[in-house]
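Please open the model in your viewer and keep the sequence panel beside it. The stops below say what to select and what is found there.

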Amino acid sequence: MQMFDAAAVRAALPWPGLIAALEEMFARGADVPQRQSLTIANPKGDDGTLLLMPAWIGGDSIGVKAVTFFPGNTALGLATINAAYLLFDGADGRLKGVYEGDELTVRRTAAASAVAAKRLARADARHLLVVGTGQLSANMAAAHASVRAFTRIEIYGRSPDKAAQVVAALAEEGLTAQVCEDLAASAAAADVISCCTSATQPVVRGAWLKPGAHLDLVGAFKGDMREADDEAVRRASLFVDLRPGAILAGDLAQPLAAGIIAESDIRADLKELVTGAHPGRTGEDEITLFKSVGYALEDLAAARLIAGQAG
């Protein structure tokens, strides 16, 4: 049994290799039961959430991730998401590896958005706007930049200082970015907008989106969370990582409940995009929207990639 801390996980999951591993896994498939989401009462602050996400390939590997989400941690200067991943041998059940789950999660989440963007963002996309300054922000920028040749990358956050910290982190990776000072103006100009916030009210407005834009919604995973308004959802061609989970997230659940969209408006999921069952973007002026909430298959793909390199 091997243990991998955050630095080891990061080093073992470079964007090209991880994106390829996700594409291979989506094409291959795995057994993925519905994840469990449990509310954890917290007398000291906002309630937390415990997520349990298993997946396996019979005879090959079994994995499970346990994730906690405590939104009140932001005010305490602590990470809102903490996670651990266990990988077992699928033939005999032996524990093969224990992975620092936060790093694995942010890497595979960003890589999944890049897998979608390869098929949904315009090939000539040059302006990326990342909305959010948390753990995912720099990863989203780097992953998207690995599949499109951006000449302008902007980071927006409610705190300009935190946005500047993300810009500095990207500079260490060799990516030039800048702080976004006017969200509406930048969103109206951006070719790709990637949102990774804990917002409960829309941050991005559909009226801002230009023809041909691609909107990537990652942060809001519960029904009472929201990153884009009804107009954004109404204007866009809708794509998801997995239908059953995505329609429970507020960005889709709320307009579904209001009758603004129907489940049949979801064009494809990642498997259908990766296998070519759906062609992805079909027009230069088409506005595309990808909603992800996380899928245990992605974690398993990342863990198997690390184990294969370590073994």
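**Stop 1: Asp251**

Select Asp251 and show its contacts (heavy atoms within 4.5 Å): leaving out residues up to four places away in sequence, Asp251 touches Leu217, Ala220, Met225, Arg226, Glu227, Ala228, Val233 and Lys291. The model is predicted, so local features need pLDDT of at least 70 and side-chain atom pairs count only at pLDDT 80 or more, while totals for chains, interfaces and linings use all residues. Residues are numbered from 1 along each chain as its sequence is written, and side-chain values use heavy atoms, with hydrogens and water left out.

Asp251 belongs to helix H10, residues 250-257. Helices (H or I, at least four residues) and strands (E, at least two) are DSSP runs, numbered from the N terminus. Is Asp251 buried or exposed? Its relative accessibility is 1%, so Asp251 counts as buried (buried is under 20% relative accessible area, exposed over 50%, partly exposed in between, with a 1.4 Å probe and protein chains only). Now display the backbone of Ala228: its nitrogen is reached by the side chain of Asp251 at 3.0 Å.

**Stop 2: the eight-stranded sheet**

Colour the strands of the open sheet in the order E9-E8-E7-E10-E11-E14-E12-E13; these eight strands are paired in parallel. Two strands pair if DSSP finds at least two bridges between them. The edges are strand E9 (178-179) and strand E13 (266-269), each with a single partner strand, so one side of each has no neighbour in the sheet.

Zoom in on E9 and on strand E8 (residues 152-156): the two run parallel and are joined by two bridges. Here Ile155 is opposite Val179 in E9.

From E9, step back to Glu173, in the loop between helix H6 (160-172) and E9. Glu173 counts as partly exposed because its relative accessibility is 48%. Draw a distance from its C-alpha atom to that of Ala142, 31 residues apart along the chain: the separation is 8.3 Å.

**Stop 3: helix H4**

Select helix H4 (residues 101-120), which lies across strand E11 (214-217), strand E12 (237-240) and strand E14 (288-291) and runs at about 160° to E14. Axes are lines fitted to C-alpha atoms, for helices over the stretch in contact, and angles run from 0 to 180 degrees between N-to-C directions.

Within H4, pick Ser113. At 0% relative accessibility, Ser113 counts as buried. Apart from neighbours within four places in sequence, Ser113 contacts Met140, His144, Asp216, Val218 and Phe290.

H2 packs against H4 at an angle of about 75°, and the axes are 9 Å apart. H2 is therefore roughly perpendicular to H4 (the class covers 65 to 115 degrees; under 35 is roughly parallel, over 145 roughly antiparallel and the rest oblique). The residues in this contact include Trp15, Leu18 and Ile19 of H2 and Arg107, Arg108 and Ala110 of H4.

**Stop 4: the six-stranded sheet**

Now show the open sheet in the order E1-E6-E5-E4-E3-E2, where six strands pair in a mixed way. Strand E1 (2-4) and strand E2 (36-40) are the edge strands, each pairing on one side only. On average, neighbouring strands of this sheet are turned by 15° against each other, direction ignored.

Finish at E1 and strand E6 (residues 95-100), which run parallel and are joined by three bridges. Gln2 has Gly97 as its bridge partner in E6.

Technical notes
Polar contact = N/O pair within 3.5 Å; in protein donor to acceptor, adjacent residues only side chain to side chain.
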